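Here are my notes on the model.

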Amino acid sequence: MISGILLAAGESTRMDGGFKPLLKWGRRTVIGECINQMRNSQLADIFVVLGHRESEIRPALIGQGVQYAINEDYRKGMLTSVKTGLAMLTTNSDAFLVALVDQPGVSSKIIDSLIEAYAESSKGIIVPTFEGHRGHPVIIDSKYIDDILQLDDEAPGGLRAFIEARENDVQTVEVPSRAILEDIDTPGDYERLSSQVAPVYEHHKWHP
């Protein structure tokens, strides 16, 4: 089985005061949409890693069918959140998917295409591409858990460097959506990306 780890511990430092996980995204929040797509996929279970302003996010997770953990070292970078997520996995997990909370456009279909590629491939790392450019989320075989846990928290390149060092065990999967490349880093990113789902929100808002 494949478990999902959603990284949602960051500080949203480039959002001019906005907090990415709780921004509106259609009828949901950004983190709510990420969880919704993960729940509608073939993932066996979902673990959410919180950190910055975690007390504000926790109420939004009630009833969502996910488990969460708090990363006290989130300021040291994304790798610490990955490790926090790995600590929650059970021994039943064959592999894990690492998803980013600032990519609510990643659909369950994309996730399932990666899961299917993992099942069919002999490779231990599955990376999505769009027009040849690599993005997220990624699937990593559980055989690498101990190696990742032993990495220096502030190692240059973090998880990306870890994957690049194991290129011979990487299977890329071309997907038909640039959502794997698009994340919400700035208010401009949010305005541009969220505008693509706004008509759906308005439709449900005015015509329940």
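1. This is a predicted model. T80 sits in helix α3, which spans residues 78-86.

2. Is T80 buried or exposed? Its relative accessible area is 5%. The cut-off for buried is under 20%, so T80 counts as buried.

3. What does T80 touch, leaving aside neighbours within four places in sequence? The residues in contact are N71, D73, Y74 and D153. With N71 there is a polar contact, side chain to side chain, at 2.8 Å.

4. The largest nonpolar core holds 32 residues. L6, I31, M38, V48, L61, L97 and I139 have the most contacts inside it. Two or more core residues come from each of β1 (2-8), α1 (30-39), β4 (45-50), α2 (54-61), β6 (95-100), α4 (108-120) and β7 (125-130). The largest share, 6 residues, is from α4.

5. L97 deserves a look. Not counting residues up to four places away in sequence, L97 touches I2, S3, G4, I5, M38, L43, I111, L114, P137, V138 and I139. A second core is separate and has 26 residues, L7, L79, V82 and V98 among them.

6. The whole structure has 1 cavity of 30 Å³ or more.

Notes
Residues are numbered from 1 along each chain as its sequence is written. This is a predicted model: local features need pLDDT of at least 70, side-chain atom pairs count only at pLDDT 80 or more; totals for chains, interfaces and linings use all residues. Side-chain values use heavy atoms; hydrogens and water are left out. A nonpolar core is a set of buried Ala, Val, Leu, Ile, Met, Phe, Trp, Tyr and Cys residues joined through side-chain atoms within 4.5 Å. Buried means under 20% relative accessible area, exposed over 50%, partly exposed in between (1.4 Å probe, protein chains only). Helices (H or I, at least four residues) and strands (E, at least two) are DSSP runs, numbered from the N terminus. Contact means heavy atoms within 4.5 Å. A polar contact is a pair of N or O atoms within 3.5 Å; within protein, one must be able to donate a hydrogen and the other to accept it, and residues adjacent in sequence count only if both atoms are side-chain atoms. On a 1 Å grid over the protein atoms alone, a cavity is a set of points where a 1.4 Å probe fits but cannot get out, and a pocket is an open set with protein on both sides within 12 Å along at least five of seven lines; lining residues have an atom within 4 Å of a point. Grid points are joined across faces, edges and corners, and a volume is the space filled by probe spheres set on the points.
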